[in-house]
Amino acid sequence: MKTHTNSLRFLSIWMSLTLAVMILGIAPVSAQVAGGTILGTITDPGGAVIANTEVSIKNVATGIERAVTTNAAGFYTAPNLDPAKYELRVSAPGFSVGIVSGVTLTVGAQQTVNVSLKVGQANATVQVTDAAAGVDVATSSLGNDVDGNTVRELPLNGRDWSQLATLQPGVNQVRNQSGIGAVGSADVVRGARGFGNQLSVSGTRPTQNTYRLDGVNFNDYTNGAPGGVLGNLSGVDAIQEFSVITTNYSAEYGRTSGGVINAITRSGSNHFHGAAYEFLRNSALDARNYFDGSTVPPFRRNQFGGSIGGPIVKDKTFFFFNYEGLRQSLSSTQVNTVPSLNARVGILSTGNVTVNQAVAPYLAFWHVPNGAILPGGDTAIYHVVTKQVGTDNFYTGRVDHHFSGKDTLQATFLYDKTQLANPDPLNNEGFFNSNSRPFGSLE
């Protein structure tokens, strides 16, 4: 059995049309916000608002600045900022310049930073405060964030970052499929329901959730969780952070009655950073289960890869690239029920029932039992060790370019190619599952 879920040709056509719409301006599109928002009010020492105040918001890692101005009510807002650490510089005539450092913005968050300026010379600078993370007073939505360090450092079976969503209140993994959550558990049932990690958020069905990557819907062909035929969502090192919004989310998310898993890919900075890794898991440390023979069935999994990011043009253009590969050979003991030795030759435990002579020759197609005879004597256990072999190649690339304080361009591309050879429980027939998942976004 072979399954192909997407086409590179379709992706190239889609991206070409997207570029045409952007360049020609055929139709204005109101995009969903992919990043976070910094907003607040600027006041004087007496609490009166200050209009036309210049607020410069600087990304500490890249040096890119966004400049906004307060309105007549002293209010400012800077939407769609990348999750990062920021420094705010606030200036108005007749007041000292206020600097607010340590502002940490998370994915999809609305961080309120109110600043009170002091009367003084324009060339005087006052360090206002270090902005600490607190209660988000700009929205009533319920959710939480998982930062990049948590994503990369916590141990994950198969390195599937979507598993970390279960750390949030109200999120549970749904075990309604064969072998769900285990890398290399593809079968016909999972092909009909999707291969990703099935999550229930606040009691909703898994297909009612929305997965977003850089602001674009990322659900699979069944509207379920994204994932390859190996059952995992790779690319841990390419995720900057993600949030899980469980209830009462704002209108820009839309589309869903379940939860929102909102992820942002990593971008480069003004300094080169990279990493290389390999994770090994094998049967040397596995325990023998009840049905195994005298030895543990062989198992070997290698996950390896590397990432690199940095500037193409300092303070202007940045790149990030990540590759992750998986090679797995998993053997396991299957327990099957087959006709007993007596039943194979037509001798049944119930004396008044006989095997039809036309049927008897076909009983030889069943494997000869090698385990205990089951109650009744007509069936017995047949143990066999089966092996499934899987591969995964996962690529993520991102480029950011800063034209000016008002214009930026971000392009993200992801490609996931997974294959799995999987036998049936009797080791009679082999199945081959394969899917290719291309994804692109342009903002």
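Among contacts in the protein between residues at least 6 apart in sequence, what share joins residues at least 24 apart? The share is 69%, where contact means heavy atoms within 4.5 Å. The structure is a predicted model, in which local features need pLDDT of at least 70, side-chain atom pairs count only at pLDDT 80 or more, and totals for chains, interfaces and linings use all residues. Residues are numbered from 1 along each chain as its sequence is written, and side-chain values use heavy atoms, with hydrogens and water left out.

The protein contains four helices and 22 strands (DSSP runs numbered from the N terminus: H or I of at least four residues for helices, E of at least two for strands). Of its 443 residues, 44% count as buried (buried is under 20% relative accessible area, exposed over 50%, partly exposed in between, with a 1.4 Å probe and protein chains only).

Ser332 lies in strand β19, which spans residues 317-339. With a relative accessible area of 28%, Ser332 is partly exposed. Apart from neighbours within four places in sequence, Ser332 contacts Pro297, Val384, Val385 and Thr386. Val384 is 52 residues from Ser332 in sequence, and the C-alpha to C-alpha distance between them is 8.3 Å. The side chains of Ser332 and Gln334 are joined by a polar contact of 3.1 Å (a pair of N or O atoms within 3.5 Å; within protein, one must be able to donate a hydrogen and the other to accept it, and residues adjacent in sequence count only if both atoms are side-chain atoms).
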